[in-house]
Amino acid sequence: MSKILVGLKRVVDYNVRVRVKPDGSGVVTEGVKMSINPFDEIALEEALRIKEKGGASEVIVAAIGPQDAQQQLRTGLAMGADRAILVQADQPIEPLAVARVFLKLIEKESPEIVLLGKQGIDDDNNQTGQMLAALWNRPQATFASKIELAGNTAKVTREVDAGLETIEIDLPAVITTDLRLNEPRYVKLPEIMKAKKKPLETLLLADLGVDVAAQFKVSNYAPPPARQKGIIVKDVGELVAALKQKGLIQ
Amino acid sequence: MIKILVIAEHAGGKLNPSTAKCVSCASQIEGAEIDVAVLAADAGEVAARAAELAGVKRVIKVEHGANAEPIAAIQAPQIVALANDYTHVLGPSTTFGKDLMPRVAALLGVGQVSDIMAVEAPYRFRRPVYAGNAIVTVEAASDRKLVATVRTASFQAASTGGNAEIQTVQPSVELPTHTRFVSRSAAATGRPDLQTATRVVSGGRALGSAEQFKLIYSLADKLGAAVGASRAAVDAGYAANDLQVGQTGKIIAPELYIAVGISGAIQHLTGIKDARTIVAINKDSEAPIFEVADLGLVGDLFEILPELERQLG
């Protein structure tokens, strides 16, 4: 039976209002709540549903990040993943390097499906899944809102600008998730206790022999330019008059 | 010498306006020579339109039956074969470009700059991170190919009036068969396309139901506008996901944006901050949407919308 490999990125929780550091060197992360990247949580939920329907034998969650990313992996185990792999990296690495690390994990685990979030809500790059599929020389189905498995193929419905697109891919393949694929389950206390006993393997990034050198220099973090505050009109009549005055309606 | 290849986006024989935005971004790189690649089964009409874009030197047609639909795994190796002659490869930051360009970058062994919103130098750009809560400078080394996507809302479309030479190229690369197009269901609404519309009316959770969301369609039709929705309205099932405006949906820059019953979560504001005029209608005068609105009206949308339609005639 087949394995599903799911990537879990540790990111600033989506409810946190992110602030830029005064010196422009980054955003404030000290003392800020960290969580599983929401799109990755959807990926894990989908993997668990596939396994529960008999479509997979094992769900493995993997994170690349600091030792603290164990927290997110434990949450993934509590949701129902069977085991976890942490690739410990003390510095953030770029998506291409992340894809190279995942390729190493693929060589080790031979999964049938790699399920990733479509983007991390920190860097908003939206690259890793596509890059991994390219390096692996396998199909990619990005922005998935529906996944139907049929033997060695999968039919994936994708959220595209024009509406919905369905493609058929041979497995193994990389699938990245969009918001509407599913609603992730809540973790219950007994599962959190059980998750503590599930295997969590730690690998050191340096031991994998992967080129993770940064290709980009990122600097000058700044808050977005503020829009000028406008005026409050008192009723519909004033609104229509103002729109006409701006030439926006006839 | 900076040579830029822009990957054209098109469907149904029509060039997507995102291509003219990418050309415009490319034009801001000083001294750049700009070519546009059109991968299609029959590129004729699309290539002719691309050749009219100001600043384009050459249009390269790559015609192949396998290019009838834009499948990233099939297009990427063809683009890699073309990329030899270029320093930069640009695509739009639409679902088409987001799907395709990272695959191209990885095959070239380089990273990608996503969502360019401003050009500072040939290898230095500004881009948004953290749902637009921060803007950063990204600088790449000039001895590597630069692959990037262009945030279309940040650039005006290149004007027409150009007359580029059109060439046909047949890269000899093996194309995979592991990915097959099945179908596409476009919401055939007869309304303008949300991504490119000059007017957009969006509804939020305050609409309360899919039935009441029809008030948004009604106002949009009166204005000849496209319809959008907040993530909350989409999550609640009032509107389809392809109408979602915001960081996780579409990023748009219409002339007029009317937000109805939308509180203005940061992830929504990220999607509209390049709109020329923002109108907010909301019953909560403290709603964050009023911080960015040019015109605000505080009140009950169920009273305001019918009245607004009446006054629009």
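**View 1. Helix H4(A) against helix H4(B) in the predicted model.** In this predicted model, H4(A) and H4(B) pack with their axes 8 Å apart and at an angle of about 45 degrees. Because angles under 35 degrees count as roughly parallel and those from 65 to 115 as roughly perpendicular, H4(A) and H4(B) are oblique to each other. The crossing in which H4(A) passes H4(B) is right-handed. From H4(A) the residues Gln130(A), Met131(A), Ala133(A), Ala134(A) and Leu135(A) take part, and they meet Asp99(B), Pro102(B), Arg103(B), Ala105(B), Ala106(B) and Leu107(B) of H4(B). Divided by class, this contact of H4(A) with H4(B) has 8 nonpolar, 1 polar and 2 charged residues.

**View 2. The side of chain A that touches chain B.** The contact between the chains takes 65 residues from chain A and 66 residues from chain B. On the side of chain A, the elements that give two or more residues include the helices H3 (95-109), H4 (128-136) and H6 (236-245), together with strands such as S7 (140-150), S8 (153-160) and S12 (216-222). Strand S9(A) supplies the largest share of this side, namely 8 residues. By class, the side of chain A that touches chain B comprises 34 nonpolar, 14 polar and 17 charged residues.

**View 3. Strand S9(A) paired with strand S13(B).** S9(A) pairs in the antiparallel sense with S13(B), which spans residues 179-186 of chain B, and 7 bridges link these two strands. Within this pairing, Leu164(A) stands opposite Ser185(B) of S13(B).

**View 4. An open sheet with strands from chains A and B.** Here 6 strands form an open sheet with parallel pairing, in the order S13(A)-S18(B)-S17(B)-S16(B)-S14(B)-S15(B). Its edge strands are S13 of chain A and S15 (226-229) of chain B, each of which pairs on one side only, and from one strand to the next the twist averages 20 degrees. S13(A) is joined in the parallel sense to S18(B), residues 295-298 of chain B, over 3 bridges, and Ile231(A) has Leu295(B) of S18(B) as its bridge partner. Helix H5(B), residues 210-223, lies across S14 (199-203), S15 and S16 (256-260) of chain B, and the helix runs at about 170 degrees to S14(B).

**View 5. The seven-stranded open sheet of chain B.** A further open sheet is formed by 7 strands of chain B, paired in parallel in the order S7-S11-S6-S1-S4-S5-S12. The edge strands are S7 (112-116) and S12 (165-168) of chain B, which each pair on one side only, and the twist from one strand to the next averages 25 degrees. Within this sheet, S1(B), residues 3-7, and S4(B), residues 33-40, pair in the parallel sense over 5 bridges, and Val6(B) stands opposite Val36(B) in S4(B). Helix H3(B) lies across S1, S4, S5 (56-63) and S6 (88-92) of chain B, running at about 150 degrees to S4(B). Helix H4(B) also packs on the sheet, where it touches S1, S6, S7 and S11 (146-150) of chain B, and its direction makes about 175 degrees with that of S11(B).

**View 6. Helices H3(B) and H4(B) against each other.** H3(B), residues 72-83, and H4(B), residues 95-108, pack with their axes 9 Å apart at an angle of about 50 degrees, and these helices are therefore oblique to each other. Their crossing is right-handed. Among the residues of H3(B) that make the contact are Ala72(B), Gln75(B), Pro77(B), Ile79(B) and Val80(B), while those of H4(B) include Asp99(B), Leu100(B), Arg103(B), Val104(B) and Leu108(B). By class, the contact of H3(B) with H4(B) is made up of 11 nonpolar, 1 polar and 2 charged residues.

**View 7. The hairpin of strands S8(B) and S9(B).** S8(B), residues 118-121, and S9(B), residues 124-129, run antiparallel and are joined by 3 bridges. The hairpin connects S8(B) to S9(B) through 2 residues, and Ala121(B) has Arg124(B) in S9(B) as its bridge partner.

**View 8. Chain B as a whole, for orientation.** Chain B has 9 helices and 18 strands. Its radius of gyration is 21 Å, close to the 20 Å that the globule rule gives for 313 residues, so chain B is as compact as a globular protein of that length. Taken along the principal axes, the C-alpha atoms of chain B fill a box of roughly 60 × 40 × 40 Å.

Key: Residues numbered from 1 in each chain as written. Chains lettered and ligands numbered in written order. Predicted model: local features only at pLDDT ≥ 70, side-chain atom pairs only at ≥ 80, totals over all residues. Contact = placed C-beta atoms within 7 Å. Helix = DSSP H or I, 4+ residues; strand = E, 2+ residues; numbered from the N terminus. Nonpolar A, V, L, I, M, F, W, Y, C, P; charged D, E, K, R; others polar. Pairing = 2+ DSSP bridges. Axes fitted to C-alpha atoms, helices over the stretch in contact; angles between N-to-C directions. Parallel < 35°, antiparallel > 145°, perpendicular 65-115°, else oblique. Left-handed = near helix turned anticlockwise from the far one by under 90°. Rg over C-alpha atoms; globule rule 2.2 N^0.38 Å.
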